[in-house]
Amino acid sequence: MATPQEMKAVLQSFQSQRLRRDHADLAAEPQYHEIAEFFFDEMYGPRDFKARDEQAHRLHQFVHLAPGLNIGDVQNVLELLDLTNMLDDLVVQRLNQLGAPLDFDEPLYERAYREADNYSDRVHQIELARHALYNVYRMAKRPLIGAVLNRTHGLAQTVGMADIHRFLRLGFNSIQSVRDIHRFVETVCVREQDRLDRIYDV
């Protein structure tokens with residue numbers, strides 16, 4: 001049987017590729033390419049985000065050093081990261097209980113996803129993603145925020161916040177080419193809700 005760490009890495013990769021497949025049409029549009037990559041890789045990607053997520057909980061120690069940035073800008077993002085991590089752990093637990101191999105297929109994944117039995121948490125996850133993307137968009141359009149993020153890169157490394165700073169900087173950069181954030185966010189969220197309802201037979 002795979003260890004929880006091995007299964008979680010495979011699960012994250014699987015989910016990232018599933019998002020890429022289901023939203024490929026949006027990612028193919030030039031205005032959405034970078035934000036789609038940020039969504040697929042940085043919010044749901046197949047990497048170890050422990051350092052970033054730990055730093056996220058200390059972000060209040062950093063924002064006062066970055067004029068124009070405040071904790072409210074990223075509160076939904078932090079909550080989304082925590083919830084996604086918890087939900088992934090529950091799917092991993094169920095996959096292992098089902099004796100799933102590391103090369104599990106989509107039907108087995110969806111069975112584990114359904115049997116984790118957390119529909120309301122999944123709905124909340126989609127809502128957090130919606131609010132997080134809108135908040136990052138609003139933050140990115142604020143005057144001077146890009147200069148602040150670039151100027152505090154070295155400081156973030158010095159105070160042990162390099163991973164979460166990178167996350168914020170990539171989020172800022174990914175939004176610059178977006179003209180219609182509403183269509184991207186609402187299309188993604190409606191599709192994800194429809195998929196959730198199909199799996200739960202709602």
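Author: A term to begin with: pLDDT is the predictor's confidence in each residue, on a scale from 0 to 100. This is a predicted model, and the protein chain has an average pLDDT of 88. A score of at least 70 is reached by 92% of the residues.

Reader: Which helix has the lowest mean pLDDT, and which the highest?

Author: The lowest mean among the elements, 68, belongs to helix α5, residues 60–63. Helix α7, residues 106–115, has the highest, at 98. Where pLDDT is low, the predicted coordinates should not be read in detail.

Reader: Take the largest cavity. Which residues lie nearest its centre?

Author: Arg18, Tyr44, Arg122, Gln125 and Glu192, out of 18 residues that line the largest cavity. By class, that lining has 10 nonpolar, three polar and five charged residues.

Reader: Which helices supply the lining of the largest cavity?

Author: At least two residues each come from α1 (4–22), α6 (71–97), α7, α8 (119–140) and α12 (181–200). The largest share is from α12, with five residues.

Reader: And what lines the second largest cavity?

Author: Phe38, Val74, Val77, Val136, Met139, Phe167, Leu168 and Gly171. Seven of the lining residues are nonpolar, one is polar and none is charged. Helices α6, α8 and α11 (162–175) each give at least two residues to the second largest cavity, and α11 gives the most, three.

Reader: Back to α8 and α12. At what angle do their axes cross?

Author: Roughly 175°, with the axes of α8 and α12 coming within 10 Å. Angles over 145 degrees count as roughly antiparallel, so α8 and α12 are roughly antiparallel to each other.

Reader: Which residues make that contact?

Author: From α8, they are Tyr119, Arg122, Val123, Ile126, Arg130, Leu133, Tyr134 and Tyr137. The α12 side includes Ile181, Phe184, Glu186, Cys189, Glu192, Leu196 and Tyr200.

Reader: How do the residues of the contact of α8 with α12 divide by class?

Author: Into 12 nonpolar, two polar and five charged. Two of the residues in the contact, Arg122 and Glu192, are also among those nearest the centre of the largest cavity.

Methods:
Residues are numbered from 1 along each chain as its sequence is written. This is a predicted model: local features need pLDDT of at least 70, side-chain atom pairs count only at pLDDT 80 or more; totals for chains, interfaces and linings use all residues. Side-chain values use heavy atoms; hydrogens and water are left out. Helices (H or I, at least four residues) and strands (E, at least two) are DSSP runs, numbered from the N terminus. On a 1 Å grid over the protein atoms alone, a cavity is a set of points where a 1.4 Å probe fits but cannot get out, and a pocket is an open set with protein on both sides within 12 Å along at least five of seven lines; lining residues have an atom within 4 Å of a point. Ala, Val, Leu, Ile, Met, Phe, Trp, Tyr, Cys and Pro count as nonpolar, Asp, Glu, Lys and Arg as charged, and the others, Gly among them, as polar. Axes are lines fitted to C-alpha atoms, for helices over the stretch in contact, and angles run from 0 to 180 degrees between N-to-C directions. Angles under 35 degrees count as roughly parallel, over 145 as roughly antiparallel, 65 to 115 as roughly perpendicular and the rest as oblique. Contact means heavy atoms within 4.5 Å.
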